[in-house]
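Keep the 3D view open as you read.

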Amino acid sequence: MTRPPEPGTILHASAVAWEGRGILLRGRAGGGKSSLAFQLMALGAQLVADDQTALAASPRGLLAWAPATILGLVEARGVGLLRADPAPPTPIALVVDLDHAAERRLPDRATCDILGIRLPLISGRDNPHIPAIIVQILKGGLAEDR
């Protein structure tokens with residue numbers, strides 16, 4: 001694995017990669033970041049980082065990777081730390097906020113800015129289908145703005 005760039009920041013977030021595209025999972029402690037990461041990994045995603053994600057702006061976009069101390073480790077609540085083959089530094093394509101639920105059935109597009117990079121943002125709290133939704137977004141994208 002090539003040496004990742006120096007981090008611009010480390011967020012309390014988890015991240016997984018789907019076919020080279022990253023999903024940043026953010027939310028409060030105990031809010032389901034690791035659980036969602038496990039569900040996505042069961043669908044074919046690869047672990048980038050669990051609980052602490054290093055991020056840096058780059059020509060490829062916002063890159064994410066695991067700090068060396070937790071590389072290849074993911075927490076299973078009530079079980080302990082599990083090993084997983086880590087993805088290399090991965091450009092983030094989507095941010096999922098697990099602290100908020102969508103307020104409307106068809107919400108307006110949302111974005112967030114991390115280190116000067118604007119990224120699509122979806123709310124994921126209380127949505128039992130969010131793993132499949134995330135995979136479909138990465139496969140087919142979001143429909144054109146309404």
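**A walk along the strands**

Helices (H or I, at least four residues) and strands (E, at least two) are DSSP runs here, numbered from the N terminus, and two strands pair if DSSP finds at least two bridges between them.

A word on what you are looking at: this is a predicted model, in which local features need pLDDT of at least 70 and side-chain atom pairs count only at pLDDT 80 or more, while totals for chains, interfaces and linings use all residues. Residues are numbered from 1 along each chain as its sequence is written, and side-chain values use heavy atoms, with hydrogens and water left out.

Now turn to the other partner of strand 3. Strand 2 (residues 13-18) runs antiparallel to strand 3 (residues 21-26), and six bridges join them. One place to look is Ser 14, which has Leu 25 as its bridge partner in strand 3. The two strands form a hairpin with two residues between them, and Glu 19 in the turn has a positive phi of about 50°.

Go back to strand 9 and follow it onward. Three bridges join strand 9 to strand 11 (residues 117-123), again with the strands running parallel; here Val 96 has Ile 122 as its bridge partner in strand 11. Strand 11 also pairs with strand 10 (residues 110-114), in the antiparallel sense, over five bridges. Asp 113 stands opposite Arg 118 of strand 11. This hairpin has two residues between its strands, and Leu 115 takes a positive phi near 55°.

What about the helices? Two packed helices are described by the angle between their axes and the distance between the axes. The axes of helix 1 (residues 33-42) and helix 2 (residues 130-140) come within 9 Å and cross at roughly 60°; axes are lines fitted to C-alpha atoms, for helices over the stretch in contact, with angles running from 0 to 180 degrees between N-to-C directions. The contact (heavy atoms within 4.5 Å) is made by Leu 36, Gln 39 and Leu 40 of helix 1 together with Ile 130, Pro 131, Ile 134 and Val 135 of helix 2.

Finally, a note from the records: an unreviewed UniProt entry places the feature "domain: HPr kinase/phosphorylase C-terminal" at residues 9-83, though such annotations may be inferred rather than shown by experiment. In the model, that span is 13% helix and 51% strand, and its end C-alpha atoms lie 24 Å apart.
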